[in-house]
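Hi everyone, thanks for coming.

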Amino acid sequence: MKEKEFNLLDEPWIRVLRPDCTIQEVSMTDALIHADEFMDLSGELPTQDAAVLRLLLAVLFTVFSRTDADGEEAPIETADDALERWGELWQAGRIPEKPVRDYLAQWHERFWLFHPQRPFYQVPEAAIGTEYTAAKLNGEILESGNKTRLFSVYSGTDKSCLSYAQAARWLLYINGYDDTSAKPKGKGLPSVSAGWLGKIGLLIAKGKNLAQTLLLNLTLLQDGESLWGAQNPIWELAEPRSGERIQIAQPDNPAQLYTLQSRRILLHRQGDRVDGYRLLGGDFFEPKNAFCEQMTLWRKGKESKNAPLIYTPRRHDPSSQFWREFPTAFDGQDGGHLPGITRWIAALQKVRLLDKKNIIRFSVVGAVFGDKDFFINDTFSDSLTFHLSLLSELGRACRIRVIHEIQLMEKLAMAVGYLAQDIDRAAGSEDDSDAARAAREQFYFRVDQPFRDWLFRLEPNADMDVCVSLWRKEADKICLEIGKEMINNAGPGALVGKVKKQEGKAPIFYSAAKAYKAFLNHIRTIIGQP
């Protein structure tokens with residue numbers, strides 16, 4: 001068996017989507033220098049793509065913080081340098097080949113998937129770690145020794161073994177999204193937490209092709225304002241970090257953060273396949289106010305009543321449509337901390353490096369963990385497309401109107417829930433919470449695509465009173481349709497009604513007709529006039 005095998009810079013392993021909608025595996029080098037020829041990454045899961053994207057970004061941050069588009073040494077020393085550098089890259093429309101090739105050639109030895117001393121994203125010391133099969137490494141299966149999937153997308157040898165290309169992709173995924181099931185081997189060590197990507201509410205700006213996506217997320221200024229520290233990706237360390245469960249200082253540069261080793265991993269190969277791996281807890285840092293992370297939503301709070309505000313990464317709610325997170329992701333006027341990627345793109349608009357007439361798409365990606373993050377139940381993704389000008393200072397008035405309509409949708413959802421609840425009570429039900437929750441979910445399902453379409457068409461220079469009026473008519477129509485369906489589906493008992501006694505209070509009479517009348521009044525109060 002060869003000691004050094006499968007170099008990620010030369011071998012095809014990254015899955016990309018071509019313009020003809022076919023999927024191709026390419027090397028890491030080709031994924032970067034030919035990124036303008038690919039529509040996007042196209043791995044097995046959106047979470048896997050996110051992990052691969054961060055690896056590619058780590059290379060670009062390192063290269064273009066040190067050299068210009070021609071490959072000449074030109075370190076970024078001022079904010080103007082950073083914006084000028086980014087503008088040159090964006091104007092070129094592709095990732096410059098020479099500086100990327102020169103850099104990767106310099107570090108070629110550190111990108112062997114299998115290597116006697118420095119296997120990529122792995123350490124030999126992990127050999128003492130918890131043992132897992134290839135079925136746990138594969139994020140489409142996520143099957144541990146004590147949890148067998150009843151229905152699996154893989155079977156036979158495809159389930160028990162992975163190709164080197166597959167293993168490389170899932171190696172990045174497991175490092176970022178691993179659960180907390182691994183037990184510490186060292187004495188006195190705390191249990192591992194979820195991988196860093198699993199802890200955050202990942203937010204990705206999307207362009208027309210992979211090159212644009214990479215560049216939009218290449219935040220050469222922290223929060224669009226401040227210079228980064230020296231870029232320090234994991235493969236440039238003189239010695240790989242190998243200690244179990246080590247707390248480190250918050251990274252001050254994206255290359256270090258995006259190559260954070262949340263896990264110590266060692267792949268096991270059998271012939272030309274990977275049949276398992278060993279794992280220990282790896283590096284972690286204090287997540288409070290960790291604003292080095294540019295691609296997450298934030299939650300504000302206090303550790304005690306008189307303590308200062310702190311911000312921690314906020315995971316996405318998989319049951320909530322992304323547009324409902326619009327205030328947190330794109331406005332932040334309530335004292336919240338805006339994602340760095342949002343502030344960066346606003347900064348690019350301010351200096352006219354991005355055309356405000358452009359359309360931009362933001363994607364969110366996440367893993368759904370079980371109790372105490374002990375296992376992953378599912379993964380999810382969502383996206384939202386709108387005019388770039390909404391993120392500008394001139395677009396703030398429009399953003400405020402959008403946020404108001406989102407809040408109004410929450411009120412309408414509650415009104416629909418109350419109707420379902422009262423109909424259930426009229427039918428004699430003692431537990432109406434499930435009916436209300438199901439009705440709210442139905443409302444959000446029905447209003448989801450129309451709201452996305454409305455937001456997509458919205459332009460800040462449009463007459464917002466007219467735009468909002470049109471939208472509320474649509475929302476009103478959807479509410480009334482749902483309300484009529486509920487009444488039509490109400491059983492005879494709900495139509496007749498029921499009196500519910502209350503201890504110490506007058507009894508209340510519930511009926512479908514009474515509930516519907518109250519619902520109509522509620523809707524009219526909420527909708528009002530734009």
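Residue numbers start from 1 along each chain as its sequence is written. Please keep in mind that this is a predicted model, where local features need pLDDT of at least 70, side-chain atom pairs count only at pLDDT 80 or more, and totals for chains, interfaces and linings use all residues, while side-chain values use heavy atoms, with hydrogens and water left out.

Okay, salt bridges. In general, side chains of opposite charge can pair when their charged atoms come close. Here the term means a side-chain nitrogen of Lys or Arg within 4 Å of a carboxyl oxygen of Asp or Glu. How many salt bridges does a search of the whole structure find? It turns up 30.

Take Asp448 and Arg452, whose closest N and O atoms are 2.8 Å apart. Both sit in helix H14 (residues 433-457), four residues apart, or about one turn of the helix. Are they buried or exposed? For that we use relative accessible area with a 1.4 Å probe and protein chains only: under 20% is buried, over 50% is exposed, and in between is partly exposed. Asp448 comes out at 17%, so it is buried, and Arg452 is buried too, at 13%.

Now look at Asp102 and Lys98, another salt bridge, at 2.8 Å from N to O. They are about one helical turn from each other, because they are four residues apart in helix H4 (residues 97-106). Asp102 has 40% relative accessibility, so it counts as partly exposed, and Lys98, at 45%, is partly exposed as well.

The next pair reaches across the chain. Arg169 and Glu25 form a salt bridge with 3.1 Å from N to O. This one links distant parts of the chain, 144 residues apart: Arg169 belongs to helix H7 (residues 164-177) and Glu25 to strand E3 (residues 23-26). Arg169 is buried, at 2% relative accessibility, whereas Glu25 is partly exposed, at 35%.

Strand E2 (residues 14-17) and E4 have two bridges, in the antiparallel sense, and Val16 has Leu41 in E4 as its bridge partner.

Last stop: Gly282. Where is Gly282? You'll find it in the loop between strand E10 (273-281) and strand E11 (283-284). Gly282 counts as buried, at 2% relative accessibility. If we say contact for heavy atoms within 4.5 Å, and leave aside neighbours within four places in sequence, Gly282 touches Arg245, Ile246, Gln261, Ser262, Arg263 and Arg264.

Note on methods
Two strands pair if DSSP finds at least two bridges between them.
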